[in-house]
Amino acid sequence: MTRPATLPATLTVNGEARPLTPGLTLHALLRDLNVNPARVAVAVNDDFYPGARAPQRTLEAGDVIEIVRIIGGG
Amino acid sequence: MASDAFTLGGKVFTSRLMTGTGKFTDFGVMREALAASGSQIVTVAIRRVELKAPGHDGLLDALDWDAVQLLPNTAGCRTADEALRVARLARVATGVNWIKLEVIPDARYLLPDPVGTLRAAEALAADGFTVLPYVQADAVLARALEDAGCAAVMPLASPIGSGRGLRSPELLRTVLDGARVPIIVDAGLGVPSDAAQALELGADAVLVNTAIAEARDPVGMAHAFALGVQAGRAAFLAGRMPERTHASPSSPLGGVVRLPDPEVPV
């Protein structure tokens, strides 16, 4: 998708827009968010990863990211 | 009673009580209640990490996941597409390909969407999941879900968390009649007699969360549900008596001791 050059590049992380630093990887995003990768699962668009095995994937503008964990439920 | 195991998703279980992990006041009580329940299948939910205050809530540490079958759910999903995404996240989060499929657009009664559930079930079964769909007690839908490759069908007893018990036993009977996969009554059971009723009718198992977690003594109630399930199953195997419109004396009619009755001619 083409963006007007004047708009800052953003990601959507758990439903909220977040500025994208050029070259940001999935690993670095989890670290920046202070999320323990071993405790979560991550989706980048339609790709799904255990947090602990998230690849050194470089994130791109417009990526939709979900970071989830297990909680009590029935 | 001889061993009365049931097979679900290619695995054999001896307990017919499945338990959820929501609403417990603390992990200690939850752990004790799950132990008292004897449950071998335990349900969990998947939620977004709170990015403003991340931290793990310890559920993964609170249970021996080698000893129980983990059953992640898609609770909170309103559409088939949301459920597919959560199921795939659950699989990578847990390493387990079992999923309790919930597609629930309606927040007031938490009633499932049959069309979206079937569509999601077809996609997840094709993707290698062991799918346990939560549905209304609808025999036609249950057969379609079996045909879609679901490992079980989970008809509700009454709305989730309502504790109102089995409100439509006649409909459950139609689901049980001819079922080729285990039928697990899920949602709305309030007391052990509700669970017993479901098993007496022929359900293979029940899933209980709120009735245990919100009991004054969750550990005691978990034990009581385990007994209710065992009683119901034993009764189903033993075979109930026929129901009759009128009374039928249990004692012989002959040789009854009588006094003269002035109203009755000798």
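**Strands, helices and loops in chains A and B**

In chain B, L17(B) stands opposite V206(B) of strand β10(B). This pair belongs to a parallel pairing of β3(B) with β10(B), made over three bridges; two strands are said to pair if DSSP finds at least two bridges between them. Helices (H or I, at least four residues) and strands (E, at least two) are DSSP runs, numbered from the N terminus. The model is predicted, so local features need pLDDT of at least 70 and side-chain atom pairs count only at pLDDT 80 or more, while totals for chains, interfaces and linings use all residues. Residues are numbered from 1 along each chain as its sequence is written, chains are lettered from A and ligands numbered from 1 in the order in which they are written, and side-chain values use heavy atoms, with hydrogens and water left out.

Strand β10(B) covers residues 205-208; A205(B) and L207(B) point one way, V206(B) and V208(B) point the other way, and all are buried. Buried here means under 20% relative accessible area, exposed means over 50%, and partly exposed lies in between (1.4 Å probe, protein chains only). Strand β10(B) is also joined to β9(B) by three bridges, and these two strands run parallel. Within that pairing, D186(B) has L207(B) as its bridge partner.

The loop between β9 and α7 of chain B contains A187(B). Although A187(B) is not a glycine, its phi is positive, at about 90°. Most residues other than glycine have a negative phi, and most peptide bonds are trans. A187(B) is buried, with a relative accessible area of 10%. K23(B), another residue other than glycine, likewise has a positive phi, near 70°. K23(B) lies in the loop that links β3 (17-20) to α1 (27-37) of chain B.

Strand β5(B), residues 69-72, is covered on both faces: Q69(B) and L71(B) on one side are buried, as are L70(B) and P72(B) on the other. Its partner is strand β4(B), residues 41-48, and the two pair in the parallel sense over four bridges. I41(B) is the residue that stands opposite Q69(B) in β5(B).

Elsewhere in chain B, an open sheet of three strands has the order β6-β7-β8, with parallel pairing. Strands β6 (98-101) and β8 stand at the edges with a single partner strand each, so one side of each is left without a neighbour in the sheet. Four bridges join β6(B) to β7(B), residues 130-135, and W98(B) has T130(B) as its bridge partner in β7(B).

Turning to the helices of chain B, α3(B) (residues 80-94) and α4(B) (residues 114-126) pack at an angle of about 35°, their axes 9 Å apart. The contact involves A80(B), D81(B), L84(B), A87(B) and R88(B) from α3(B), and G116(B), R119(B), A120(B), A123(B) and L124(B) from α4(B). Contact means heavy atoms within 4.5 Å. The axes are lines fitted to C-alpha atoms, for helices over the stretch in contact, and angles run from 0 to 180 degrees between N-to-C directions.

Helix α6(B), residues 169-176, has L172(B), V175(B) and L176(B) as its buried residues. Seen down the axis of α6(B), these fall within an arc of 95°, so they line one face of the helix; the arc is that of the directions from the helix axis to the C-beta atoms. The buried residues of α6(B) pack against α5 (139-147), β8 (154-155), β9 (184-186) and α7 (192-201) of chain B. Just after this helix, G178(B) takes a positive phi of about 85°.

Chain A has one helix and five strands, and from the N terminus on its elements run β-β-α-β-β-β. Along its principal axes, the C-alpha trace of chain A spans about 45 × 25 × 20 Å. Of the 74 residues of chain A, 42% count as buried. Among the contacts in chain A with a separation of 6 or more, 49% are between residues 24 or more positions apart.

One residue of chain A, V40(A), is found in the loop between α1 (26-32) and β3 (41-44). V40(A) is buried, with a relative accessible area of 6%. V40(A) and V68(A) are 28 residues apart in sequence and 5.4 Å apart in space, C-alpha to C-alpha. Not counting residues up to four places away in sequence, V40(A) touches V35(A), P50(A), G51(A), I67(A), V68(A) and, in chain B, V49(B).
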